[in-house]
Amino acid sequence: MNLEATDRTPAISLTQDPLKLSISGESFPEDVSAFYGDIISAINQLASTAKGKLEVEMAMVYINSSSIKAMYRIFEGLDAYRQAGNEVQVTWKAEADDDIMQELGEDFKDRFQALSFSVEQHG
Amino acid sequence: MAEDVFDLYDREKLLLAEGQAILETGDHAQIQGFAERLFDRFSKVVRENEDLTRHSDRQEQRMVKLNRNLKTQTLELEQQRSRLEGLSKQLAKYLPPQIHDAMFAGKYDTQITTQRKKLTVFFSDIKDFTRTAESLQPESLTEYLNEYFSEMTQIALSYGATIDKYIGDAVMLFFGDPESKGVKEDARACVEMALEMQERMLVLQHRWRERGFEHPFVIRIGINTGFCNVGNFGSDQRLSYTIIGGEVNVAQRLEANSDPGGILISHETYALVDDLVDVEERQSVSLKGIDRNIHTYAIRGRKAESDKPLRLKHPQGVHIDLSPQYLNHDDRRLIAAQLKTLAEQLENLDDRDSVA
């Protein structure tokens, strides 16, 4: 799966080899359910379609409240993959001067404590 | 089809539907399991809601901060714009309007560059200014001078002149740079302007006399057309947009030789405006650095409509100039008949004999 970024939606890619999920950019789609539906389904099916370490990298610039709800679904799917006996390594990247994105990363880290989760600053 | 569409709240909606069914059927055996699932989902929803609200508050806080910054910046920009506007208005009084406009439109090049261009140069000054000034109270002198310069400047600008500078009581301006309508049109605009200035001076003199100014200002005007160096002269630190060259000096000399209340023009200018004005040839002048005698003409006034020459010009070498005022009735009839014959012959010529 590979989606290019637009001015309202982030770039999303999910590769099998290496097993990696990347989401980056801004997120305020007109229809959040429609935009995130496919990736959430793909993640929910990971346990039956893949095996091994999953690397996750998220670098969001702006994210609206509805998209956060979608992120929850993604993290729940990742946690389900972990529960199936796989390693999941999440790296949440936020720009150094963007405390809102840093704090959001910390919130997710706090909610999904079983995941290996690091919040990093860049730029 | 609706079932294929992903819904972020699908699990919550499923639970609501399940609860509604239990309530409707009264199937109490299902309540225990439902309550556990409801509790689990509700706990997660509360957590999500906490995070979402916190995130939303942070975004709002940032927006309020940004909005405040924007208001401050807008205010600062507005103050800056207002300062610049004031500065621009002040500067406009010191710069030729064409240069000022180009500068504020970001199109003006402040490099030290000059070019050679054919311009029509104008000089005027007030006759016996020093003596007149001494006879006036300084306040009155300032009042009359300001009135004089204001009126002349207004006329000059209305003709598109580039005001070079005011030198004491003298005015130096030119036509042909930075904007030009062509050498001929520039010269004609300059002469028309000079005529209007002298006409306006008569009105001003009458007005001044009524206010007690016994010997009001009378101006002399000199106009010359020729190649000058025009552009930015000076250094990187201080530039002056002006013109220099022998032809500028000629214009100044013409002004000095002009009758009070009159306009003296050079032959180069006269050749471009001969159909516009009646002139009287005056004594030639010579000038150091100019290797020719400068023929001069004093303008007597605008040419009457009937005195304007009749012209026929064609690039293939046809050039007819007729000055009706020098032709008597019989001559006019005779020339008209000859031209008619020529026109008929031209119309009847066989096109096959024409060039391709």
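How are helix 1 of chain B and helix 2 of chain B oriented to each other? The views below are of a predicted model, in which local features need pLDDT of at least 70, side-chain atom pairs count only at pLDDT 80 or more, and totals for chains, interfaces and linings use all residues. Residues are numbered from 1 along each chain as its sequence is written, and chains are lettered from A and ligands numbered from 1 in the order in which they are written.

**View 1. Packing of helix 1 (residues 10-25) and helix 2 (residues 31-92) of chain B.** Helices (H or I, at least four residues) and strands (E, at least two) are DSSP runs, numbered from the N terminus. The two helices pack at about 150°, with their axes 11 Å apart; axes are lines fitted to C-alpha atoms, for helices over the stretch in contact, and angles run from 0 to 180 degrees between N-to-C directions. Helix 1 of chain B and helix 2 of chain B are therefore roughly antiparallel (angle over 145 degrees).

**View 2. Residues joining helix 1 and helix 2 of chain B.** Residues are in contact if their C-beta atoms, placed from the backbone, lie within 7 Å. Among those of helix 1 are L15(B) and I22(B), and helix 2 includes F34(B) and L38(B).

**View 3. The contact between chain A and chain B.** Chain A provides 16 residues and chain B 13 residues. On the chain A side, helix 1 (32-44), helix 3 (65-83) and helix 4 (99-111) each supply at least two residues. Helix 3 of chain A gives the most, with 6 residues.

**View 4. The fold of chain A.** Chain A has 4 helices and 6 strands, in the order β-β-β-α-α-β-α-β-α-β along the sequence.

Technical notes. Two residues are in contact if their C-beta atoms, placed from the backbone, lie within 7 Å. Angles under 35 degrees count as roughly parallel, over 145 as roughly antiparallel, 65 to 115 as roughly perpendicular and the rest as oblique.
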